[in-house]
Amino acid sequence: MLITLEGIEGSGKTTQIDHIAAYFQKSGLEYIITKEPGGTVLGEKIRSILLDPGNSNIHPMTELLLYAADRVQHIKEFITPMMDAGNIVICDRFCDSTTVYQGFTRGIDVSLIQRLNSLVLEGLAPDITFVLDLDPEIGLKRAWKQIRDGSRSESETRFENEKLQFHESVRNGYLELARQEPDRFVVVNASLDPVKVSEQILEHLEKYFKIQK
Ligand code: TMP
């Protein structure tokens, strides 16, 4: 099983992943946490290129292909073996980030991105995708606060440096994808207190597992 979390900068994915992990731990389920970009040693190197604020001149197509390269390595080296071994894989961002950031927001043809995604994924698809939805102004404020207090790295701020309009497009992109695939996406109100956000997520997971039993 593959669970992905998506959302704008500062939407609280990391905190929510910790809550999901605690729930799986309590339920005796085998799970593993990973992220994109940077879920492998090679991917960490790709991540540092992609998120370096100094690389403001990366062409959108270069950006797209670097995310795709990171994902191929991640799937082959980590996600598929972990799933085959019976783990639930919880991934912080996945293919929907590419559709939303490089497609809807940077403006690369979405049908090209879908073709690239299907080439990379080879049939793999998230079973559930949680979209942590909130006003980008709040998200960016949170993200910059974390950068200032050191809990988020200053060397990874290329996207935080984008204008508010960029982040609004990302938010709308996720909501659009959720409308297109309501069976897979769960949109969660991420402006609430983190415990309240986790209640929404865990309620959905409980229902999901009851249905699967
Ligand atoms: P994060 O790990 O702090 O969420 O940062 C990852 C950044 O990379 C985030 O701004 C979204 C961006 N991104 C894309 O633009 N396309 C992608 O396919 C992925 C996985 C992430």
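Keep in mind that the model is predicted, so local features need pLDDT of at least 70 and side-chain atom pairs count only at pLDDT 80 or more, while totals for chains, interfaces and linings use all residues. Residues are numbered from 1 along each chain as its sequence is written, and side-chain values use heavy atoms, with hydrogens and water left out.

Let's start with the overall layout. The protein has eight helices and five strands, where helices (H or I, at least four residues) and strands (E, at least two) are DSSP runs numbered from the N terminus. Along its principal axes, the C-alpha trace spans about 50 × 35 × 35 Å.

Now for the ligand. There are 14 residues around it, and E9, Y67, R93, T98 and Q102 come nearest; a residue counts as near if one of its heavy atoms lies within 4 Å. Helix 2 (41-51), helix 3 (60-84) and helix 4 (95-105) each supply at least two residues of this shell, and helix 4 gives the most, with four. By type, the shell divides into five nonpolar, three polar and six charged residues.

A polar side-chain atom of E9 lies 2.4 Å from a ligand oxygen, one of R93 lies at 2.7 Å, and one of R71 at 3.1 Å. Taken alone the ligand exposes 480 Å², and the protein buries 93% of that; these areas come from the Shrake-Rupley method with a 1.4 Å probe.

Two backbone details are worth a look. R93 turns up again here: this residue has a positive phi of about 75 degrees although it is not a glycine, and it lies in the loop between strand 3 (88-92) and helix 4. The other detail is a cis peptide bond joining E36 and P37, with omega about -10 degrees. P37 is in the loop between strand 2 (31-35) and helix 2.

Terms used. A polar contact is a pair of N or O atoms within 3.5 Å; within protein, one must be able to donate a hydrogen and the other to accept it, and residues adjacent in sequence count only if both atoms are side-chain atoms. Ala, Val, Leu, Ile, Met, Phe, Trp, Tyr, Cys and Pro count as nonpolar, Asp, Glu, Lys and Arg as charged, and the others, Gly among them, as polar.
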